[in-house]
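The following paragraphs guide the reader through a structure, beginning with the terms needed to follow it.

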Amino acid sequence: MTSSEHIPQAARQMTDDSYLLEVKNLRKHFPITAGILARLKGYTRAADDVSFYIRQGETLGLVGESGCGKTTVGRCVVRAYKPTAGEILYRRADGSVVDLAQIRGREVRTYRKDIRFIFQDPYAALNPRMTVFDLISEVLAVNHIGTRAERVDQVESLLKRVGMRPEYMRRYPHAFSGGERQRISIARALITNPRLVVCDEAVSALDVSVRVQILNLLEELQADFDLTYLFISHDLSVIRHICDRVNVMYVGKLVETAEATELYTQPKHPYAEALMSAVPVHDPVLRDSQHRIRLEGEIADPSNPPSGCYFHPRCRYAQPRCSTEEPALHDLGNGHFAACHFAEELNLQGVRMG
Amino acid sequence: MADTLIDVKDLRIHFFTDEGVVRAVGGVDLAITRGKTLALVGESGCGKSVACRALLNIVHRPGKIVSGEIIFHRMFHQSSGSGSDASVDIAELNPKGREIRDIRGKEIAMIFQEPMTSFSSMYTIGNQIMENILLHTNLSKQEARILTIELLDKVGIPKPSRLIDEYPFRLSGGMRQRAMIAMALSCSPTLLIADEPTTALDVTTQANILDLMQNLQKQYEMTLLFITHDLGVVAEIADEVAVMYLGKIIEKSDVFTLFNSPAHPYTQALLKSVPKIAMTREALDPIKGMVPNPYSRPSGCPFHPRCPKAFAACKTIVPKTTSLGLHHTVQCLLYEDVTERQATEALS
Ligand SMILES: Nc1ncnc2c1ncn2[C@@H]1O[C@H](COP(=O)(O)OP(=O)(O)OP(=O)(O)O)[C@@H](O)[C@H]1O
Ligand SMILES: Nc1ncnc2c1ncn2[C@@H]1O[C@H](COP(=O)(O)OP(=O)(O)OP(=O)(O)O)[C@@H](O)[C@H]1O
Ligand code: SF4
Ligand SMILES: [Mg+2]
Ligand SMILES: [Mg+2]
């Protein structure tokens with residue numbers, strides 16, 4: 001446990017006044033149990049000592065291999081999960097700072113309006129017994145915001161902005177396509193005029209043209225209301241388009257953070273390089289060219305990670321010390337950090353500009 | 001045709017809702033070639049999932065197949081001579097009957113768009129995958145478990161011998177998606193329908209999954225119907241591409257022709273609106289206009305209200321399928337003799 005627990009909420013400070021959110025040494029460990037007696041066998045370290053910040057009005061990307069802990073980090077930020085340890089400092093509208101990791105119960109609910117979450121799996125997130133209108137306006141009704149007529153207006157106009165027909169309002173979620181359900185989730189998150197939105201694969205089920213429409217909407221809202229986003233996505237072209245800075249995670253740890261263009265052109269961590277090389281090129285003629293770095297070797301198990309650098313069993317630059325010594329985050333200047341022993345020396349390839 | 005595995009003819013699926021009839025699939029003709037990969041692309045809500053689920057005769061209420069055929073050319077390998085052609089019309093089968101249940105999961109497997117729709121949260125993923133294996137093969141429980149662990153390993157699940165006993169909600173989104181891929185592959189299907197199977201996967205995991213599917217395809221001559229929004233994935237794996245718009249296949253061709261010389265104005269706009277990775281943060285340009293009201297589809301060409309090349313006839317005449325080359329078809333009046341159409345339509 002960190003000593004932060006003993007700091008009174010009012011005295012908390014962030015490293016910089018421009019930050020809306022600062023996460024320090026965040027850990028979320030899930031117990032692994034076995035057998036009917038639920039014997040404890042160990043922990044999945046889904047988020048392991050993760051630290052980062054987001055400036056007010058900024059979009060921070062979060063990328064990484066499937067299962068590396070992105071959703072877990074996002075859920076901790078919105079306090080859908082209680083972190084195992086660490087601080088999640090959040091600057092309230094009045095300027096005061098609160099540690100979201102410490103609050104509980106009813107207090108968590110007071111932030112539900114300002115901090116919103118767009119779920120990765122809309123099917124699981126939308127209550128099948130509620131109509132689209134009820135799903136989107138629920139949070140307003142619960143907080144007694146506006147009259148019913150006003151809420152109908154609001155839902156209507158938001159549905160239009162996400163490219164859906166207001167006529168749909170009385171339908172139930174099962175009657176929609178995957179991308180339509182995803183847009184219902186987006187409308188549900190945006191209805192409260194939030195200050196911070198965690199978007200977990202929020203546009204992954206959308207075709208390019210609807211996706212562009214949603215990305216443009218998110219940017220408009222950001223320009224108008226100084227909205228801040230934590231944007232989790234596998235689509236590196238989307239991340240490139242919408243993010244100012246990007247965090248790269250690998251097996252529960254942050255391995256690289258940089259300004260977006262710099263990460264794409266000059267990645268400093270070998271995992272980030274492999275990620276950039278695997279971006280599909282939109283041209284069937286190039287499909288068989290040997291451009292991708294195939295990640296061979298066993299996928300790391302977050303309950304029993306490799307020694308030293310977690311990436312070493314799959315890294316093509318690994319040296320003997322990588323299997324024994326855990327690399328620290330190297331400061332490469334300009335807000336660029338990478339957790340690789342050779343971050344300064346390696347000359348890694350950026351994304352292919354197709 | 002000998003090498004056609006599935007022949008869909010004039011398939012129409014309507015949803016009879018209180019507010020009106022939604023014509024989700026409005027006359028689809030589609031031939032799926034044996035052993036090839038066909039990618040199906042199109043705007044959100046255009047009917048891709050509804051059409052593909054129909055290939056397994058799964059139509060949710062209040063939907064109905066109102067017309068059309070889905071001819072499945074099954075091949076039984078026999079010791080004597082060539083396999084006999086035992087075709088069935090899937091659209092005609094009883095959706096709860098024996099015959100379709102034998103086909104589902106075994107000959108035709110489907111990876112559903114949202115993993116939680118096909119996994120129950122009550123059982124472990126291992127139990128659910130093993131159940132499918134036990135239902136369709138003669139393997140013992142023990143053998144089924146070993147096969148399941150192998151499959152989970154193949155789709156890149158770490159520590160498969162432990163995660164086989166995990167419940168779906170304890171897995172990440174991408175792990176659930178891969179578990180579902182493992183389940184779909186468990187009986188080496190003849191046709192694998194994959195509805196957005198890699199949306200929850202990062203690019204490196206996605207690359208491995210696409211490799212796996214392509215290897216299985218070569219090994220077992222599996223046919224792949226791949227629904228995706230990611231044109232990068234289409235460019236990587238498809239042999240043929242079908243483009244859907246408002247319930248119709250408006251263009252189909254081999255993948256190279258489609259990327260090089262798309263014929264339909266919608267396809268052209270689709271290829272242009274892809275965010276390029278190299279591009280800077282300027283506003284992206286979506287296809288203009290809103291998806292039309294599902295209860296009243298536009299007259300004439302369904303794309304005409306949003307089409308930059310539309311002309312007067314597009315409002316009234318429904319385009320027919322025109323052949324532009326060996327394997328290239330399009331539904332657009334730019335490629336038809338409009339005066340002739342007007343003349344014939346005036347007569348009838
Ligand atoms: N509720 C839970 N209980 C137990 N383990 C969990 C739970 N949620 C996540 N995990 C585990 O934590 C790890 C990280 O999962 P998480 O969902 O954060 O990954 P992710 O980076 O979002 O992956 P994806 O890109 O596939 O969505 C995984 O090993 C997962 O199995
Ligand atoms: N049960 C239902 N009742 C009424 N309409 C429905 C029902 N199910 C689907 N629809 C409608 O049918 C249309 C086609 O849906 P479908 O799921 O096939 O779209 P899709 O092409 O797969 O889109 P996406 O890419 O978003 O998944 C949509 O407009 C949807 O709203
Ligand atoms: S038929 Fe007309 S409206 Fe339709 S796509 Fe062709 S040009 Fe455009
Ligand atoms: Mg996730
Ligand atoms: Mg769909």
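A salt bridge is defined here as a side-chain nitrogen of Lys or Arg within 4 Å of a carboxyl oxygen of Asp or Glu. By this rule, three salt bridges are found across the interface of chain B and chain A. One of them joins the side chains of Arg162(B) and Asp301(A), at 3.4 Å from N to O. This is a predicted model, in which local features need pLDDT of at least 70 and side-chain atom pairs count only at pLDDT 80 or more, while totals for chains, interfaces and linings use all residues. Residues are numbered from 1 along each chain as its sequence is written, chains are lettered from A and ligands numbered from 1 in the order in which they are written, and side-chain values use heavy atoms, with hydrogens and water left out.

The interface can also be described as a whole. In chain B, 70 residues are in contact (heavy atoms within 4.5 Å) with 74 residues of chain A. The area buried between the two chains is about 5800 Å², with carbon and sulfur atoms giving 55% of it; buried area is the accessible area (1.4 Å probe) that two parts lose on being put together, summed over both.
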